[in-house]
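Please look at the structure shown here, with attention to its metal site and to the sheet beside which the report continues.

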Amino acid sequence: MKIRCEASFRPDIALPIRSPLNLQLSPLIALQKLDLRIAELKEQRRKIPERLEANESPLREATRGFQEASASGEALIKERRGHEKDLEAHEDRIGKMKDRAAQLKTNQEYQAHLFEVEIANKKKGEIEEKILLAMEQIDQIQRIITGAQATLKESEAVFTKQKATLDELDRTLASELADLDIKQKQLSGQVEKTLLARYNKLKTTRKDQALALLKDGICLGCRLQLPPQLVSQVKRAQDVHTCPYCYRMLYWEGEPGTEVKGATDRDQAQNFEVGESV
Ligand SMILES: [Zn+2]
């Protein structure tokens, strides 16, 4: 079996007409369908990690929110404890100050003592205010933490479900791909070797589309208008013809045509036209 350019069509070595499709191309058409399905499934599988990553984004956000709120809460508790220690130490000082009062001898010393106690009490009030403020802030942050915790829990549940779905999809795709791989090997075995090599080469350079359907005189691989003689030849389905623009092997899904009766090689070559983009 030989792949030949449409311009050098030689009826003497062409296979007899086999309706509705050229038998040389039938297994290849099936193979391309399979290969395209395999490529599609592989693409779906390739995208799973990034889908998982995207699904995990709200969970990461919720985790960060919870961690930040918790850290703020801890910092505030630490601050409150610091103030409480200050207060304790300060009350201790006031106590000692008051104990010293009995030892005071002069009125002047007593007045100075009263002033000292007044200042100390004022400072005590300030520390107590700081403690109250910290406690209020702790209450607020506690509410934020509770909310963040609920969001986190919800995000975890949603992500667990999404992950399970994607894991299941990955398993299904892997299993389907394994089946298709076997079918692909079987089908490849049914294609004539030279044709298969040609197909595989074209497949690599033409983004998995080695074959192109001919429709309304247009190669659906490159969307260019094909020369009328070539269209007729492809419709006759006697041999493998390639698109002069994208080099894909052309096939026709209708009944084989008969409109090129009597055309010579020279006629066909002369009838080639420049492809028009549609
Ligand atoms: Zn083309």
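Cys-219 is buried, because its relative accessible area is 0%, and buried here means under 20% relative accessible area, with exposed over 50% and partly exposed in between (1.4 Å probe, protein chains only). Cys-222, by contrast, is partly exposed at 23%. The model is a predicted one, in which local features need pLDDT of at least 70 and side-chain atom pairs count only at pLDDT 80 or more, while totals for chains, interfaces and linings use all residues. Residues are numbered from 1 along each chain as its sequence is written, and side-chain values use heavy atoms, with hydrogens and water left out.

Both cysteines are among the protein donors of the zinc ion, donors being N, O and S atoms within 2.8 Å of the metal (3.2 Å for Na, K and Ca), with water not among the atoms, so sites may look incomplete.

| Donor residue | Atom | Distance to zinc |
|---|---|---|
| Cys-219 | SG | 2.3 Å |
| Cys-222 | SG | 2.3 Å |
| Cys-243 | SG | 2.3 Å |
| Cys-246 | SG | 2.3 Å |

In sequence these donor residues follow the spacing C-x2-C-x20-C-x2-C. The four donor atoms subtend angles of 105 to 116° around the zinc ion, so the arrangement is tetrahedral, a term that requires all angles of four donors to lie between 85 and 135 degrees.

Strand β2 (residues 218-219) runs antiparallel to strand β1 (residues 211-215), and two bridges join them; strands are DSSP runs (E, at least two residues) numbered from the N terminus, and two of them pair if DSSP finds at least two bridges between them. Ile-218 in β2 is the bridge partner of Lys-215.

Definitions and conventions:
Helix = DSSP H or I, 4+ residues; strand = E, 2+ residues; numbered from the N terminus. Tetrahedral: all angles 85-135°; square planar, octahedral: opposite > 155°, others 65-115°.
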